[in-house]
Amino acid sequence: MHFFKITIKNSIMYRWSALFSIIGSVLYIAIALMLWRFLYQDTPDMVSYMTKYTIVSNIIGMFYARGMAERIGGKVSSGAFVTDLIKPINIFTVSWQIELAGICSDFLLRGLPVILVYSPFLISNTGYYNIPAVLISIILGHILFLLVYSLLGFLAFILIEIWPFVRLLDDTIRLLAGGFIPLAILPGFISSIASALPFRYLYSFPLELLFATVDMSKLIENYIILIIWICLFAMLNIFTYRLALRKAVVQGG
Amino acid sequence: MEFLKIYGCYVKMFIKARMEYRCSFFAGLFANFYCYFITYTTFWVITQQFQTIDGWAFDDMVILYGLNLFTYSVAATFFWYNVLHLEQEITSGRLDGYLIRPMGLLQQLVCSRFGDTALGQISVSLIFISLCIVRINYKMTIFTYIYLFFAVIGGVLMQMGAMIIFGSLSFWMLRSKALADIIYFDFRTFVHYPLSIFPSFIRIILTYVLPWAIINYYPSLIILQKVHTTEEFVLGILSPIIGILFFMLSLSVFNRGLRRYSGSGS
């Protein structure tokens, strides 16, 4: 809660910045909506589907915290990581709490206005299914996202500057997670790359669940694969963290 | 000339310093290359699915987006770090330090950080534009090549002008990055696509209020022989001159802001 209060205070410190950030989010969705409306102008059903898809995918995106990598990576490269070792808290847990606070404040300041602005589109285009399953998939997606980015943060021990790698990851997710372009319309070979990677569970999976009825066995199969990916990245995080502790050398006071 | 010599020295020192961490340096270049490669891929995916976007095939989209990206990247190598992000210099109090040195403020800001990472964007856009020009060679005449050269210069000046103006707003607002994010970056997203797919008020805004369409849309219409109205032709032909005027306007905004500056209180 303290992190949340601090993050909210920081966010509204410069009110104009907060306002512009809201307008920016609304505008970004508007541009995508206009593009899809034009491209599917002859098929109203697709316009309606893509409208929902674009708005909801942008809302889902707010639950995925990008700051984890830079937060951990920054501490590693500046050396602040060492002082965290003597605190009775874990660097991963603290970073996660800060990110959660950021997500809550971001959702309040940007998410709610976006939902309000686009609510007429969301309400008029009915046909939402599996809402509890969608929420579970978003929570699991959040954990997966966090683990992938924190792993990148810990890799700062080797890579020193991690922003290029964060950017590589961001852009890969942009194309292969189905946040902007649904995976169904990607050409065959890109689509098969997307299916082999875990990123489709971030956007495509919850959106497919939300907009269509899904076979229960298929749903469980997807959850199991998602959990396996989470376990894999959790283990990689633990391994990297332990390796870092073993190799780290603290010099001076 | 003197400034160019000093700037060359700064760039040389900067590259030497960056090369200390060779892997990070090349990773930065590659990250920017990859980011925009993905954007071009997105256009390819859309045009594969829909053939064209209002008559604009993939090659046309490459010219449209490439002009915007190339001019932006060239401007960014000089102005992105410390001019567009002038708020950091002001709010941290570092700007006061610049003011007591015997060199113009804008020149110092340009020298203080070379935008090496934009080289990745420049290379990806050059590759795509060159390949595309080879493919649409049938549309290219001597006039088109000469026009393209001037349109690029006009576009670079326009992008530089925009970075200077949005950076200068920090003199009044202290923090202008969020405003730049929406007016410069978000609104410029519209011109990644042909303006004809958007409602007409957006075309008017992007031509006469926030003239980002002058950077790439109108020049692309001329290069790709897609001009339909006299207005489009005139705006396209005048784009290099508009670029020069916009750059001059930005310098006057910067100087006006600087005259008003009295410290950030940091």
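Visitor: Is D54(B) buried, partly exposed or exposed, and why?

Guide: A residue is called buried if 20 or more other C-beta atoms lie within 10 Å of its own, exposed if 12 or fewer do, and partly exposed in between, with C-beta atoms placed from the backbone. D54(B) counts as partly exposed because it has 16 C-beta neighbours inside 10 Å. Please note that this is a predicted model, in which local features need pLDDT of at least 70 and side-chain atom pairs count only at pLDDT 80 or more, while totals for chains, interfaces and linings use all residues. Residues are numbered from 1 along each chain as its sequence is written, and chains are lettered from A and ligands numbered from 1 in the order in which they are written.

Visitor: Where is D54(B) found?

Guide: Helices (H or I, at least four residues) and strands (E, at least two) are DSSP runs, numbered from the N terminus. D54(B) lies in the loop between helix 2 (22-50) and helix 3 (58-84) of chain B.

Visitor: How does one read the span of helix 3 of chain B?

Guide: The expected span of a helix is 1.5 Å times one less than its number of residues. Helix 3 of chain B has 27 residues, and a straight helix would reach 39 Å, but its end C-alpha atoms are only 31 Å apart. A bend at a residue is the angle between axes fitted to the seven residues ending there and the seven starting there. Helix 3 of chain B bends by about 65 degrees at A76(B). Of its 27 residues, 23 are buried, so helix 3 of chain B is largely enclosed by the rest of the structure.

Visitor: How many helices and strands does chain B have, and what radius of gyration?

Guide: Chain B has 13 helices and zero strands. The radius of gyration is taken over C-alpha atoms, and the globule rule is 2.2 Å times the number of residues to the power 0.38. For 266 residues a compact globule would have a value near 18 Å, and the 19 Å of chain B agrees. The C-alpha trace of chain B spans about 55 × 40 × 35 Å along its principal axes, and 42% of the 266 residues are buried.

Visitor: What are the corresponding values for chain A?

Guide: Chain A has 12 helices and zero strands. Its radius of gyration is 20 Å, close to the 18 Å from the globule rule for 253 residues, so chain A is as compact as a globular protein of that length. Of these 253 residues, 33% count as buried.
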